[in-house]
Amino acid sequence: MSLRAQLRVCLIALAMMTALPVAAEYADVVLNRRSEKEGMRPVIFPHWFHRIRFRCKVCHHELGFKMRVGSNDFNMADISDGKFCGACHNGDIAWAPDRCDMCHSGIRGLPTGIVGGHETGGPGRF
Ligand code: HEC
Ligand code: HEC
Ligand code: HEC
């Protein structure tokens with residue numbers, strides 16, 4: 001294959017990867033108490049991505065997220081009201097809740113829980 005042809009294959013593969021629903025990565029949290037029942041894909045919450053950007057207490061104290069996977073019972077209306085994820089995903093601190101697919105990106109059938117272990121891993125765990 002010519003370099004150009006190889007490049008094209010890469011670009012197509014990349015485009016497909018971004019278009020397809022993602023599988024959760026290690027230490028991602030899947031939130032699927034309601035989503036799939038209501039016809040949406042499961043939510044994938046990249047915990048690590050957020051942990052390196054915010055202090056734990058922002059979410060686990062100020063925003064009221066309990067530190068146990070699956071224990072937080074909140075819904076889409078809460079998010080639209082600016083609670084939980086919606087405290088930041090409001091078009092101000094982070095992109096707004098109208099970008100459904102950014103959160104509802106899981107493969108159907110993923111159960112609520114942490115991917116790849118019973119705890120969220122990574123350095124900086126206390
Ligand atoms: C910032 C992340 C985020 C975005 C963006 C988002 N959602 Fe959600 N959504 C959630 C979470 C978290 C839940 C609760 C997950 C669960 O337990 O299944 C949820 C739940 C839902 C549910 C289940 C029923 C309910 O009322 O909770 C529906 C339906 C839904 N979302 C639709 C949408 C639609 C439509 C959009 C785009 C207009 C959207 N969501 C955008 C995070 C998001
Ligand atoms: C942006 C918000 C956010 C930040 C920042 C954040 N977390 Fe979380 N954390 C969550 C959410 C959401 C869950 C999943 C809750 C659920 O499934 O109901 C979670 C779950 C957890 C869990 C439960 C894991 C398990 O095995 O049950 C632990 C422990 C945890 N977080 C620790 C931390 C620590 C330590 C930090 C800081 C280094 C941190 N979190 C920062 C939102 C956050
Ligand atoms: C404390 C603020 C905060 C909270 C709470 C929060 N997020 Fe985010 N989130 C952010 C910021 C900031 C970004 C990066 C936005 C950007 O890149 O423009 C982000 C990015 C994301 C991304 C994209 C990650 C990537 O790889 O680009 C997803 C998915 C996401 N958030 C889902 C959620 C869900 C689901 C919740 C609730 C369970 C949530 N977030 C709660 C601040 C927050």
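Guide: Among contacts in the chain between residues at least 6 apart in sequence, 54% join residues at least 24 apart. This is a predicted model.

Visitor: How do you know how confident the predictor is in the chain?
Guide: Read the pLDDT, which runs from 0 to 100. The chain has a mean of 85, and 77% of its residues reach 70 or more. Residues 121-126 are below 50. Beyond near neighbours in sequence, that stretch has four contacts in the model.

Visitor: What makes up the chain, in helices and strands?
Guide: Five helices and three strands. Their order from the N terminus is α-β-β-α-α-α-α-β.

Visitor: What makes the largest nonpolar core a core, and which residues form it?
Guide: The residues must be buried, of the listed nonpolar kinds, and joined through C-beta atoms within 7 Å. Eight residues form this core: Ala-24, Val-29, Val-30, Leu-31, Val-43, Ile-44, Cys-103 and Leu-110. S1 gives the most, with three residues. In soluble globular proteins, nonpolar side chains tend to be buried together.

Visitor: Which residues does Leu-110 contact, leaving aside neighbours within four places in sequence?
Guide: Ala-24, Val-30, Asn-32 and Pro-42. Contact here takes C-beta atoms within 7 Å.

Visitor: How much of the chain counts as buried?
Guide: Of its 126 residues, 14%.

Visitor: Why is His-89 called buried?
Guide: The cut-off is 20 or more other C-beta atoms within 10 Å. His-89 has 20 such neighbours, so His-89 counts as buried. His-89 sits in the loop between H4 and H5. Not counting residues up to four places away in sequence, His-89 touches Ile-79, Ala-94, Trp-95, Ala-96 and Pro-97.

Visitor: Why is Gly-86 called partly exposed?
Guide: Gly-86 has 19 C-beta neighbours inside 10 Å. A value in between is partly exposed, so that is the class of Gly-86. Gly-86 belongs to the loop between H4 and H5. Among the residues that Gly-86 touches beyond four places in sequence are Asp-78, Ser-80 and Pro-97. Leu-63 is 23 residues from Gly-86 in sequence, and their C-alpha atoms are 9.8 Å apart.

Visitor: Why is Arg-99 put in its exposure class, and which class is that?
Guide: Arg-99 has 12 other C-beta atoms within 10 Å. The exposed class takes 12 or fewer. So Arg-99 is exposed. Arg-99, too, has its place in the loop between H4 and H5. Its C-alpha atom is separated by 9.6 Å from that of His-89, 10 residues apart along the chain.

Visitor: What is the phi of Phe-84?
Guide: Positive, at about 50°, although Phe-84 is not a glycine. Phe-84 lies in the loop between H4 and H5. With 18 C-beta neighbours inside 10 Å, Phe-84 falls between the two cut-offs and so counts as partly exposed.

Visitor: What makes a residue part of the surroundings of ligand 1, and how many are there?
Guide: The C-beta atom must lie within 6 Å of the ligand. For ligand 1 there are 21 such residues. The closest are Arg-33, Ser-35, Asn-75, Cys-100 and Cys-103. Helices H4 (76-80) and H5 (100-103) each supply at least two residues of the shell. By kind, the shell has 11 nonpolar, five polar and five charged residues.

Visitor: Which residues come nearest to ligand 3?
Guide: Phe-45, Cys-85, Cys-88, Ala-94 and Cys-103, out of 20 around ligand 3. Strand S2 (43-45), helix H2 (47-51), helix H3 (56-62) and H5 each give two or more residues to this shell.

Visitor: How do the residues around ligand 3 divide by kind?
Guide: Into 17 nonpolar, two polar and one charged. Cys and Phe count as nonpolar in this scheme.

Methods: Residues are numbered from 1 along each chain as its sequence is written. Chains are lettered from A and ligands numbered from 1 in the order in which they are written. This is a predicted model: local features need pLDDT of at least 70, side-chain atom pairs count only at pLDDT 80 or more; totals for chains, interfaces and linings use all residues. Helices (H or I, at least four residues) and strands (E, at least two) are DSSP runs, numbered from the N terminus. Two residues are in contact if their C-beta atoms, placed from the backbone, lie within 7 Å.
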